[in-house]
Amino acid sequence: MSSSPDTPLLQLSGIVKHYGTVRALQGASLTVHPNEVVALVGDNGAGKSTMIKVISGVIQPDEGEIVIDGRPVTFSSPLDPRSHGIETVYQDLALAPDLDPAANLFLGREVLRGGVLGMMGMLDKPKMRRQADDAFARLSVGLQDTRSTVGTMSGGQRQGIAVARAVLWASRLVLMDEPTAALGVVQTGRVRALIESVREQGVSVVLVSHNLPFVFEVADRIEVLRLGRRVAAFTRAEATAERVLGAMTGALAEVPPGDPAVHPAATVPDTMIGTAINAGTDGTGRVDGTGGLRGTRGTEA
Ligand SMILES: Nc1ncnc2c1ncn2[C@@H]1O[C@H](COP(=O)(O)OP(=O)(O)O)[C@@H](O)[C@H]1O
Ligand SMILES: [Mg+2]
């Protein structure tokens, strides 16, 4: 199958993941287009981190489909998404505190020297440092001293290094789980600039965040997970805090039409029906007020 400009970069559908009796994902969907920043939002326990782990190959879903450029794929380990140009910034950042920023960028992917020295395992440190400095400059990660260990650096700087590492290796998509959770206002602004420069490089971003003002600033689209399912999707222009919060809490039922995971259910007053975009289907995606709505108490089959 060839990919047209409308073909999503990544599409997940019907994703089910149970942890024992906990139903973390119950038929969840997510759509990401090329060159797009998608915010994945939802209340605590909605399944956001589980979705990120499914896409990064850390866990395998019990059911469901992952499609890249129109082709079904299976991610059985974190190496599989990497081979598709997908990199993850984990919530704990996963940096080595005793190494400097450049070494962290190349952790597990060190560049060896040429010839016999390389065969003996000698690292090409100058080359890695040049590439690292270049990546930090390109992404405006402000590091005064690139030779200090990461453990001595501020939360914002560490965040920048973790994002730079993902961006250096990601050719298609960067996943970020709560990138601003531990950051102040200035540092959060820096992460916003990083996300914008990632998109300028033609790489998409899936961003999990509780920080709705931040989400409204950086996201092209917002997809809402609730109780392990996608219950709404908005373009930035459509999204208001009220609508997004309403979808997160279930007070306002806004359902992407054609979402196979969502069944018609209870009556919702017309005044509460908004538009929800399911760009994965027809791109217009207006809720027509007759079907595809789900009651606030989740009467799914
Ligand atoms: N490893 C695990 N073992 C058992 N339950 C888990 C595990 N990971 C997540 N869960 C549960 O799955 C649900 C979804 O979790 P999560 O994806 O972390 O939600 P979110 O990131 O939206 O807060 C929660 O009820 C959570 O307690
Ligand atoms: Mg989480």
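Residues are numbered from 1 along each chain as its sequence is written, while chains are lettered from A and ligands numbered from 1 in the order in which they are written. Since the model is predicted, local features need pLDDT of at least 70 and side-chain atom pairs count only at pLDDT 80 or more, whereas totals for chains, interfaces and linings use all residues.

Biologist: What is the mean pLDDT of the chain?

Modeller: pLDDT is the predictor's confidence in each residue, from 0 to 100. Of the residues in the chain, 82% reach 70 or more. The mean pLDDT of the chain is 81.

Biologist: Which element supplies the largest share of the shell around ligand 1?

Modeller: The shell includes Tyr-19, Val-22, Lys-48, Ser-49 and Thr-50, a residue being near a molecule if its C-beta atom, placed from the backbone, lies within 6 Å of it. Helices (H or I, at least four residues) and strands (E, at least two) are DSSP runs, numbered from the N terminus. Strand S2 (22-32) and helix H1 (48-55) each supply at least two shell residues. The largest share, 3 residues, comes from H1.

Biologist: How many residues of that shell are charged?

Modeller: Ala, Val, Leu, Ile, Met, Phe, Trp, Tyr, Cys and Pro count as nonpolar, Asp, Glu, Lys and Arg as charged, and the others, Gly among them, as polar. The shell around ligand 1 has 4 nonpolar and 6 polar residues, and the number of charged residues is 1.

Biologist: Which strands stand at the edges of the open sheet of 4 strands?

Modeller: Two strands pair if DSSP finds at least two bridges between them. The order is S2-S1-S4-S5, with antiparallel pairing. Each edge strand has a single partner, so one side of each is left without a neighbour in the sheet; these strands are S2 and S5 (71-73).

Biologist: How many bridges join S1 to S2?

Modeller: S1 and S2 form a hairpin with 2 residues between them, and Gly-20 in the turn has a positive phi of about 60 degrees. Within the pairing, Gln-11 stands opposite Thr-31 in S2. The two strands run antiparallel, and the number of bridges is 8.

Biologist: In which sense do strand S3 (residues 37-41) and strand S9 (residues 221-226) pair, parallel or antiparallel?

Modeller: An open sheet of 6 strands has the order S6-S7-S8-S3-S9-S10, with mixed pairing. Leu-40 stands opposite Glu-223 in S9. S3 and S9 are joined over 4 bridges, and their sense is parallel.

Biologist: How are helix H6 and helix H7 oriented to each other?

Modeller: Axes are lines fitted to C-alpha atoms, for helices over the stretch in contact, and angles run from 0 to 180 degrees between N-to-C directions. The axes of H6 (residues 155-169) and H7 (residues 185-200) come within 9 Å and cross at roughly 10 degrees. Residues of H6, including Val-163 and Val-167, meet residues of H7, among them Leu-194 and Val-198. Angles under 35 degrees count as roughly parallel, over 145 as roughly antiparallel, 65 to 115 as roughly perpendicular and the rest as oblique, and H6 and H7 are therefore roughly parallel.

Definitions and conventions:
Contact = placed C-beta atoms within 7 Å.
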